[in-house]
Amino acid sequence: MLKLFDAQQIKAMDTCTVEKQDIQSVDLMERASLALFESLCHLLDEDSHIVIFAGSGNNGGDALALARMLLTKHFSVDVYLINPNGILSADCAANKARLERLLYINEIRSDKDIPQIEKGSVVIDGIFGSGLNRPLSDIYLQIVSVINNSGSIVYSIDIPSGLFVEDNSMNNPDGIVKADRVFSFQFPKLSLLLPENADYCSHLTILDIGLCSECIDEQFSDYSCIERRDIEPMLKKRNTFAHKGVFGHALIFAGSFGKIGAAVLSARACLRAGVGLLTMRIPSCGVEILQTAVPEAMVSAEEEKEWLSGVGGISDKMTIGIGPGIGLCQVTGDLLKTLLTVSSKPMVIDADALNLIAKDESLKLLIPKESILTPHPVELDRLIGCRCLSGYERLQKAREFAETYSVYVVLKGAYTATITPEKKVFFNSTGNPGMATAGSGDVLTGVITSLLAQKYSPFESAVFGVYLHGSAGDFAAKSKSVYSLLASDIIGYLGKAYRGIEKR
């Protein structure tokens, strides 16, 4: 898994790599700049005019090394070294000396030296790296303003200048570069995966710069990114003589009058994700709809016409999912309380089931251990009883909730985060903005419930389900576009998503 680290750990791994590989720090900088150069060349046109802003530290050294490499490909390059105090890091100074043999370097020592950026230029931001721990001010704030108002394409080295690696709640939003793409060295930075920082990183590219694997392993982190290589070993192979009884029996409580579509979507997704048997517990108004739309599913119909009020027949062999479209009726809340009381196995809890729990504090203590809760940000805020002011704060509150109640929390959004009872966080690497559409969460509930019924562990069900759901959404977006994507499209590509996970 791809770990995420804080600024001190990143610095420690750089130092460790230099020692273990018996190289100079400037050699590691050269390696990082070369990886950046090779990736950047695919995005630049031959006639691109490139304006590079370099700071006085090692991020600036990366930028100066990059400028030298771009000159070898005959790009038009202007370099501005921001050095108001006249002090450079050793590696930045070394790269300045190398570049000066090829190109005049403009130094910015006061606001009078700040250039106007020519229209149509490509800006490379190499001012500050991951070690920054205070908001930008003075000349640096002015330069960031010039960059952000230039209308240019902006590429940031490692992290947008001005952005902190983790919590930015005390930062100045006007003092952060708004990058079209960030080239992050070896690991993504936590702040780049949080929604409040979306304006500063439209696209993220991770560059392998060859940090020593032993040095990486020595560093502990509660944060990781899930990639295909992590998911593939989880996939359970199917025996030639297997039958439907082997692949579990899911029971999903879903739907109310006007929201039977949620039941249909969760049912289709559950079946398409591979469950052997599926029973849908729905109000009687939805029976004909569900039996017609999803003939593969069995239906346990309520006597009540418009909402859920009874648990029906439950077996210990069933894996329960509840929430899609069930509404907030009091009798449905009573049903949920009964269900939580009689169930001991982990279940999947989503949507209105989460909202009902948020309304009744006593229900939290009844949630079966290792259950999987799948809130979107507003639902999470309701669960924890406060409105979070940032994604970073919300993530920390979700970690506390997962630990307190011994559950898995799947916090939905871009880079959906699965949080374990041990407070570990696993960000997802699949998915796209087209999946921000009605019913997408109902599909995810069906997928995760299906996997849990198939004897995947709660952890596997959550991270595998989120990855599979996002991958299907990516295939759907390629076919349909992010603007026209429907939740049902995601279901249609679950098979292709499975194919993408299978060992190649």
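Here is a short walk through this predicted model, from its domains to a helix pair and a salt bridge.

Because the model is predicted, local features need pLDDT of at least 70 and side-chain atom pairs count only at pLDDT 80 or more, while totals for chains, interfaces and linings use all residues. Residues are numbered from 1 along each chain as its sequence is written, and side-chain values use heavy atoms, with hydrogens and water left out.

Let's begin with the overall layout. The protein chain splits into domain 1 (13-219) and domain 2 (244-502), with bounds that come from an automatic or database domain assignment. Their C-alpha centres are 41 Å apart. Where the two meet, 9 residues of domain 1 are in contact with 7 residues of domain 2, contact meaning heavy atoms within 4.5 Å. Together the domains bury about 710 Å², with 74% of that on carbon and sulfur atoms; buried area is the accessible area (1.4 Å probe) that two parts lose on being put together, summed over both. On the domain 1 side, Leu193, Leu194 and Glu196 lose the most area, together 53% of what that side buries.

Now move to a pair of helices, which are DSSP runs of H or I with at least four residues, numbered from the N terminus. The axes of α10 (residues 330-342) and α11 (residues 351-359) come within 10 Å and cross at roughly 90°. Axes here are lines fitted to C-alpha atoms over the stretch in contact, and angles run from 0 to 180 degrees between N-to-C directions. That makes α10 roughly perpendicular to α11, a label for angles of 65 to 115 degrees. Helix α10 contributes Thr332, Gly333, Leu336 and Leu340 to the contact, and α11 contributes Ala353, Leu356 and Ile357.

Finally, look at the charges. The count comes to 14 salt bridges, each a side-chain nitrogen of Lys or Arg within 4 Å of a carboxyl oxygen of Asp or Glu. One of them joins Glu30 and Arg98, with the closest N and O atoms 3.4 Å apart. Glu30 lies in helix α2 (residues 25-40) and Arg98 in helix α4 (residues 90-100), so this pair ties together parts 68 residues apart in sequence. Between domain 1 and domain 2, the count is 0 salt bridges.

Conventions
Helix = DSSP H or I, 4+ residues; strand = E, 2+ residues; numbered from the N terminus. Parallel < 35°, antiparallel > 145°, perpendicular 65-115°, else oblique.
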